[in-house]
Amino acid sequence: MAVIDLSLSTDPTVDNAPAISAAAVPGNVVNLPPGEFAIGATIVSRAQLVGKGPGETRLKVMRDALPTELTPTGLSVRAHIRHIGPDASSENIRVIGRNVNKDYTPLREFEHAFAFWGVTRPKLLRCRADFVWGDGYYFGPPDGGSTPCVDMLVDDFESNGVGRQNGAVAAHTGVGQIR
């Protein structure tokens, strides 16, 4: 297992998502520094992402909404952090979206601060989601498919101003704990 202490730009015009995604490969533990960092695209993680605390490590969307991605079956999704693969996790991270009016908009309801797509042993620990259009977190299959998450753990998750719901579990098998 490699531990990576990532340096990110605090310049609000610099998209930090590519740097985080590049480091978040299987087996890595990616330590994110304290501060507020702009993201302009989905962070795709196959690793453990660890911040300094939800008030300390803040990932903030650069524009009104992240770019829409279409899944192979045509489902429109937007995820701030999308975890795929075994043992992917987020810990001590705050995601800040742009839904400051706390609106529910069906066209944006599949925006998730933290999405876990068919992950085995996913963990979401001491994280927070503010002002996202959809769910604070989502556990389930990608693309409405049939691959569930297995043995998930959510602990000490908070949300404020999410447009849809605090969290969604669409498909899960094994032991699931939400505390």
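Okay, hi everyone. Before we start, keep in mind that this is a predicted model.

Let's begin with asparagine 16. Where does asparagine 16 sit? You'll find it in the loop that runs between β1, residues 2–5, and α1, residues 17–23. What does asparagine 16 touch, if we skip its neighbours within four places in sequence? Its contacts are then Leu8, Ser9, Phe37, Ala38 and Ile39.

Now, on to the strands. β1, the strand on one side of that loop, belongs to an open sheet of seven strands. The order goes β1-β2-β5-β9-β12-β16-β20, and the pairing is parallel. At the β20 end, β20 pairs with β16, residues 153–155, through two bridges in the parallel sense. If you want to spot that on screen, look for valine 154, whose bridge partner in β20 is isoleucine 178.

Next up is β14, residues 135–140. How many of the six residues in β14 are buried? Six of six, so this strand is mostly covered. β14 pairs with β11, residues 111–117, in the parallel sense over five bridges, and there histidine 112 has aspartate 135 of β14 as its bridge partner. β14 also pairs with β18, residues 165–169, again parallel, over four bridges. In that pairing, tyrosine 138 stands opposite alanine 168 of β18.

That's my tour, thanks!

How values were computed
Residues numbered from 1 in each chain as written. Predicted model: local features only at pLDDT ≥ 70, side-chain atom pairs only at ≥ 80, totals over all residues. Heavy atoms only, no water. Contact = heavy atoms within 4.5 Å. Buried < 20%, exposed > 50% of the residue type's maximum accessible area, 1.4 Å probe, protein only. Pairing = 2+ DSSP bridges.
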